[in-house]
Amino acid sequence: MTTIPYDVKDLGLAAEGNRRIEWAAREMPVLKQIRERFGKEKPLKGITVAACLHVTTETANLMLALRDGGAEVHLCASNPLSTQDDVAASLVADHGISTYAITGEDNETYYKHIDATLDAKPHMTMDDGADTVIRALTDRSEVLDGIIGGCEETTTGVIRLTSLADEGLLKYPIIAVNDADTKHFFDNRYGTGQSTLDGITRATNMLWAGKTVVVAGYGWCGRGVASRATGMGAKVVVTEINLIRALEAAMDGHQVLPMEQAARIADIIITVTGGMKAVDKKHFEDMKDGAVVANSGHFDVELDLPGLEELSESKREVRKFVEEYVLENGRKVYVLGQGRLINLAAAEGHPSAVMDMSFANQALCAEYIVNAASGLENKVYPVPKDIDEEVGKLKLHAMGIKIDTLTAEQYEYLHSWNIGT
Ligand SMILES: NC(=O)c1ccc[n+]([C@@H]2O[C@H](COP(=O)([O-])OP(=O)(O)OC[C@H]3O[C@@H](n4cnc5c(N)ncnc54)[C@H](O)[C@@H]3O)[C@@H](O)[C@H]2O)c1
């Protein structure tokens with residue numbers, strides 16, 4: 001009988017969760033090394049962490065690394081649909097980590113779970129989307145005094161926290177883990193690229209080859225989604241609001257169109273903008289009969305679902321994660337995973353091998369906060385370069401890849417001006 005506080009679906013799922021956590025660990029050699037060092041050095045001793053992350057097998061491995069580093073960890077979900085209930089159960093039953101996450105939880109439960117992590121009086125927050133920081137700032141200000149710093153995992157969270165800092169409202173320093181090269185170059189691009197197609201495939205069992213796939217947003221995630229869809233034989237159309245990214249998409253071989261035109265020809269639309277209403281009411285109205293729409297950006301506001309409701313005369317679930325809207329114009333539009341990140345709602349999120357680097361950054365940044373927080377202001381800071389490079393070095397090593405080093409002559413040339421034509 002466990003005595004720690006928790007709220008999960010069913011502790012009976014723990015054995016399956018534990019097997020899957022172990023399976024993910026096989027692909028996370030960098031985090032494994034950090035966990036082993038943490039186990040010996042205990043750099044997080046005495047630190048309570050409130051973590052609000054997608055409760056997946058990879059996150060479980062991060063929680064174990066923090067726990068072995070001496071931290072008391074309280075984990076809740078950063079999205080109502082992304083929780084893997086077997087993993088949540090195993091964290092509680094097999095590993096003694098307080099976890100508050102149930103897949104499909106409503107908004108009230110979602111915030112009740114964030115509050116449960118704050119009830120533990122954390123010294124540190126670890127967010128994916130900044131909901132814990134914002135909850136602490138807006139409704140739970142009594143916990144702020146005890147918090148020395150936090151880490152943020154995703155682009156949208158970094159945008160929200162930077163905006164708070166700009167307005168002077170941030171009350172403790174944050175490390176923008178998302179912005180490490182060893183995070184967004186790989187996790188956002190290859191992770192979101194692969195897992196978004198995986199989520200849509202699992203939800204629909206659709207063939208990609210020959211489809212017209214519209215990708216809204218050609219940032220780190222969008223590039224990955226577009227390249228993977230191309231690899232599956234789809235014809236990719238990109239929509240953008242940034243002219244350089246639009247140019248890049250065009251020169252990568254994709255057609256670039258405004259959404260107004262793209263929506264009319266799409267078989268599948270995938271939003272990854274980090275913004276709102278990339279697909280708005282008018283776009284829904286103009287879609288072909290049978291168009292499939294999914295979002296892989298952080299929040300569900302990328303699709304104007306209230307607008308779609310207004311256009312629709314009926315709605316029904318036709319398959320798990322697939323809702324059919326019948327529009328007044330007679331056409332049908334299919335929305336996947338209620339517009340929430342489809343790679344985590346309908347699939348398992350990013351493959352462990354990329355989360356290895358993202359979560360290695362998280363673990364090392366947690367250690368950095370303990371050592372450096374007293375010298376930091378209430379701002380959003382980049383991941384220190386040496387941490388980013390250490391993660392890259394360990395990953396290359398784990399993959400068995402060796403690279404060249406500059407000779408003294410080459411070094412000299414690259415740092416001088418006097419050798420020319
Ligand atoms: N699904 C996942 O697992 C996962 C993983 C990482 C990041 N994310 C989230 O995905 C989103 C995108 O992240 P990113 O790192 O690619 O960000 P990014 O800033 O690199 O890219 C976003 C792109 O969208 C474009 N854009 C903004 N509004 C637009 C609009 N209305 N129409 C078309 N293009 C528009 C921007 O110009 C930019 O090029 C964020 O919300 C991020 O938090 C999700």
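1. In the side chain of Glu240, an N or O atom lies 2.5 Å from an oxygen atom of the ligand. This is a polar contact, meaning a pair of N or O atoms within 3.5 Å. The protein covers 86% of the 860 Å² of accessible area that the ligand has on its own (Shrake-Rupley method, 1.4 Å probe).

2. The model is predicted: local features need pLDDT of at least 70, side-chain atom pairs count only at pLDDT 80 or more, and totals for chains, interfaces and linings use all residues. Residues are numbered from 1 along each chain as its sequence is written, and side-chain values use heavy atoms, with hydrogens and water left out.

3. A polar side-chain atom of Thr154 is 2.6 Å from one, and a polar backbone atom of Cys221 is 2.8 Å from one.

4. Around the ligand are 25 residues, counted if a heavy atom lies within 4 Å of it. Thr154, Thr155, Thr156, Glu240 and Ser296 come nearest. By class, the shell has seven nonpolar, 16 polar (Gly counts here) and two charged residues.

5. Among the helices (DSSP runs of H or I, at least four residues), α7, α8, α9 and α14 each supply at least two residues of that shell.

6. An open sheet of mixed pairing has eight strands (DSSP runs of E, at least two residues), in the order β10-β9-β8-β11-β12-β15-β14-β13. β10 and β13 each have a single partner strand, so one side of each lacks a neighbour in the sheet.

7. Strands β11 and β12 pair (at least two DSSP bridges are required) in the parallel sense over four bridges. Thr271 has Asn295 in β12 as its bridge partner.

Definitions and conventions
Polar contact = N/O pair within 3.5 Å; in protein donor to acceptor, adjacent residues only side chain to side chain.
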